[in-house]
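Have the viewer open as you read.

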Amino acid sequence: MKTRLLLMRELVDNQLLDSQGERLTKVAGVEAELREGSRPVVRALLVGPEPLARRIGPRIGQMAARIKRVKKEIRIPWEDIKDIGVDIQLKVLAYRSDATRAEDWVREKIICRIPGSG
Amino acid sequence: MKNYLSIALGILTAIGGYVDVGAIATAGEAGSKFGFGLLWAMVLGTICIIFLIEMVGRLSAMGDKAYADILREKFGFKFALLPLSADAIATFLIMAANIGGASFALYLITGISFQIWTVAVGFALWLLLWRGSFSLIETGTSLLGLVALCFLVAAFVLGTPWNKAATEIVLPSIVGRGGPAEYFNIAAGIFGAVISPYLLYFYSSGGQEEGWTRSMVRTNRVIAIVGMGFGAAAAISIILVCAVALQPLGIQVDQLQTTGLGLVAAFGIWGVYLFAATLFVCCFGAAAESVLGFSFEVTQIMGWKYNVNKKPRDSAIFNLIFSLYIIVGILLVALAGIDPLELTIFATGFTAFMLPVVVGPFLAVMNDPMYLKDQTNGWVSNIAVLLIIMLAFILSITSIPLMIVGEG
């Protein structure tokens, strides 16, 4: 795997796939660690409503941060990444990554209750 | 064999997307009010959509991704919100107008209020998308959609003066039953009806669902030209028929069914059934395509799962989006009783207004070797894109003032 990446072209907004190639979501942001005397290091990829809202603007980001009861930011640790090409593939399955909460919620609470969904 | 199936995809896209309630309404208005004077708009619009469809299909085959996926990945989340929010409104208007159009066709045959039919049509549409496969939606509508060619037959039966029509494509006469503001308002409406953004999302997603690869680049070109040419033949014929049959009598299309009078002039009472069948099939197909196109767009921009062929539980959000849209669309047309023609005129005007956001990114995307490898745009396509973007900006700036002046 490449060790030097263009942050905005190769990470942010790119497609996340699980270990079987299932679509999860797109990367909303990254978590970087600043270290004195050396280059910053990317620790994790961020997905979810809050990092996405922050992309629109700080005020919308604060509004998203105030929403209660929902997990607003999901962190995908760098160790979970298997490969970075045009898409970013993870080592784990969709349900283990925690990145498909919206899809899961809609499926369990709405779609499965409508006849003919399965 | 697979290529023939793919050509069917193109023809469906043409029928459902090209000949929809917008094209039928604006073509009918154009022919009945200005004769052959607006044929050029339909021809120019067709050339634009052929280029756009060819490009978005090539992108899908080479980039292994649909157009909306690339919009997000290349331009970022913030930019993608622009086409997303514009399409959220446009799709809703277009879908509702087409559900209205299909219901109106049933009203013409049965005499039962079209508002009641709206519920049945909306439910049938939802059921088709909920349970049906992509190929069912595709082949079903493309075969049935051939009925739209009855307008072409009618143009022959009515003895269209072909030479005069051909001359006016190049040298149109603006003189007709309406002022210049109305003339250009209808022209903008024709562009808005023909260059439908949802067509681009639908077509590129269809390529993904069918697993297009490099081998499809050539077939894609054929599909774009044949498919859109088919749609254009039908839509241009509507102008011809209304110009020949209605304009001399001073009949103006101010209701959807007036367009059908042209078919009655050609075929007698059968004209009514042919018109109702054309209106129903084309509107139903367009309603399906527009709402699917938007479901594709949202899920692709967000990176979620999308799939028409699999069961709804396998792509939950995708199914939720079109279900909600259809429900709200039914409520709007059935309860509020909005006139389908007025809704259509508004929808085409709004589409013309938002076109730059949709066609603008093409210039950058289609020249990016990361997605297109060795199949990036040549100079012909690039000049075409530039001209289309210019046209889109002119339409966008003029559409709202024209709507106000032209309608009033």
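This is a predicted model: local features need pLDDT of at least 70, side-chain atom pairs count only at pLDDT 80 or more; totals for chains, interfaces and linings use all residues.

Residues are numbered from 1 along each chain as its sequence is written, with chains lettered from A and ligands numbered from 1 in the order in which they are written.

Chain B has 18 helices and 0 strands; helices (H or I, at least four residues) and strands (E, at least two) are DSSP runs, numbered from the N terminus. Its radius of gyration is 20 Å, close to the 22 Å from the globule rule for 408 residues, so chain B is as compact as a globular protein of that length. That radius is taken over C-alpha atoms, and the rule is 2.2 Å times the number of residues to the power 0.38. Along its principal axes, the C-alpha trace of chain B spans about 55 × 45 × 45 Å. Of the 408 residues, 59% count as buried, meaning 20 or more other C-beta atoms within 10 Å of a residue's own, with C-beta atoms placed from the backbone (12 or fewer is exposed, in between is partly exposed).

Now two helices, with the expected span being 1.5 Å times one less than the number of residues:

| Helix | Residues in helix | First to last C-alpha | Expected span |
|---|---|---|---|
| α5(B) | 18 residues | 25 Å | 26 Å |
| α15(B) | 20 residues | 27 Å | 28 Å |

The buried residues of α5(B) include B:Trp117, B:Val121, B:Leu125 and B:Trp126. They pack against α4, α13 (270-302) and α14 of chain B. As for α15(B), 16 of its 20 residues are buried. This helix bends by about 45° at B:Phe353, with B:Pro356 following within four residues; the bend is the angle between axes fitted to the seven residues ending there and the seven starting there.

B:Gly145 sits in the loop between α6 (134-144) and α7 (150-157) of chain B. It counts as buried because it has 26 C-beta neighbours inside 10 Å.

Finally, 19 residues of chain B are in contact with 21 residues of chain A, contact being C-beta atoms, placed from the backbone, within 7 Å. On chain B's side, α4 (67-110), α5 (114-131) and α14 (316-336) each give two or more residues, and α4(B) gives the most, with 6 residues.

Conventions:
Two residues are in contact if their C-beta atoms, placed from the backbone, lie within 7 Å.
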